Amino acid sequence: MGWITFGIIAAVILIIIFSVTGMYNKLVSFSVRVDNGWAQVDVQLKKRFDLIPNLVETVKGYASHEKSTLEEVTKWRSAAMSSKTPEEAMENNAKLSRAMVNLFATAEQYPDLKANQNFLDLQGQLKDIESKIAFARQFYNDTAMKYNEYVMHFPSNIIASIFHFGQKKYFEIAEADKAVPQVKF
């Protein structure tokens, strides 16, 4: 009788160890996917950051007295580039997007600028990058959703809590940004 009891207890312990190990490994895998998703967003944001100075210089040539609009774009570009966390980057990029909308709204007031080939090329490049950012953001949010679901499901939520796996923030568009009319390229 002793060996049977010992065998059952050993089997239960092994099942628990394998279950905990499996859940932990799945949490790590999901977390890595979320980090990869954010890295993809970050690559596209850096492309946008690199394009903005050229855009600002082009607009400055035609609308130099629109100094506050140009400074706003530059300020939020700098803040977004120096963000320390994905959450901070998300917030600063939302502000940069609002500043960019204002920049393009300003550009609408200058027919010569709107006809400038360099400006049109930069607009086209920005449109392409914005599309890629949207795709990368969707991928990030999808992976964050799967990760967050796993973190919240029982019994993986216990393992997540023990090993400090917290939920990931989604890269969302602020309600105020949804109300801003989109710039037509």
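Here is a short briefing on the fold, the surface and the salt bridges of this protein.

This is a predicted model, in which local features need pLDDT of at least 70 and side-chain atom pairs count only at pLDDT 80 or more, while totals for chains, interfaces and linings use all residues. Residues are numbered from 1 along each chain as its sequence is written, and side-chain values use heavy atoms, with hydrogens and water left out.

**Fold and overall shape**

- The protein has seven helices and zero strands, where helices (H or I, at least four residues) and strands (E, at least two) are DSSP runs numbered from the N terminus.
- Its C-alpha trace spans about 95 × 25 × 25 Å along the principal axes.
- The radius of gyration is 24 Å, whereas a compact globule of 185 residues would come near 16 Å; the value is taken over C-alpha atoms, and the globule rule is 2.2 Å times the number of residues to the power 0.38.
- Of the contacts between residues at least 6 apart in sequence, 76% join residues at least 24 apart, a contact being heavy atoms within 4.5 Å.

**Surface and charge**

- Buried residues make up 36% of the 185 (buried is under 20% relative accessible area, exposed over 50%, partly exposed in between, with a 1.4 Å probe and protein chains only).

**Salt bridges**

- The count comes to seven salt bridges, each a side-chain nitrogen of Lys or Arg within 4 Å of a carboxyl oxygen of Asp or Glu.
- In one of them, Lys 46 pairs with Asp 42, with the closest N and O atoms 3.2 Å apart. These two residues are four apart in helix H1 (residues 2-62), about one helical turn. Lys 46 is partly exposed at 42%, and Asp 42 is partly exposed at 23%.
- Glu 71 and Lys 67 form another, at 3.8 Å from N to O, and both lie in helix H2 (residues 67-81), four residues apart. Glu 71 is partly exposed at 43%, while Lys 67 is exposed at 53%.
- Lys 132 and Asp 128 also meet in a salt bridge, at 3.4 Å from N to O. Helix H5 (residues 117-152) holds both, about one turn apart.
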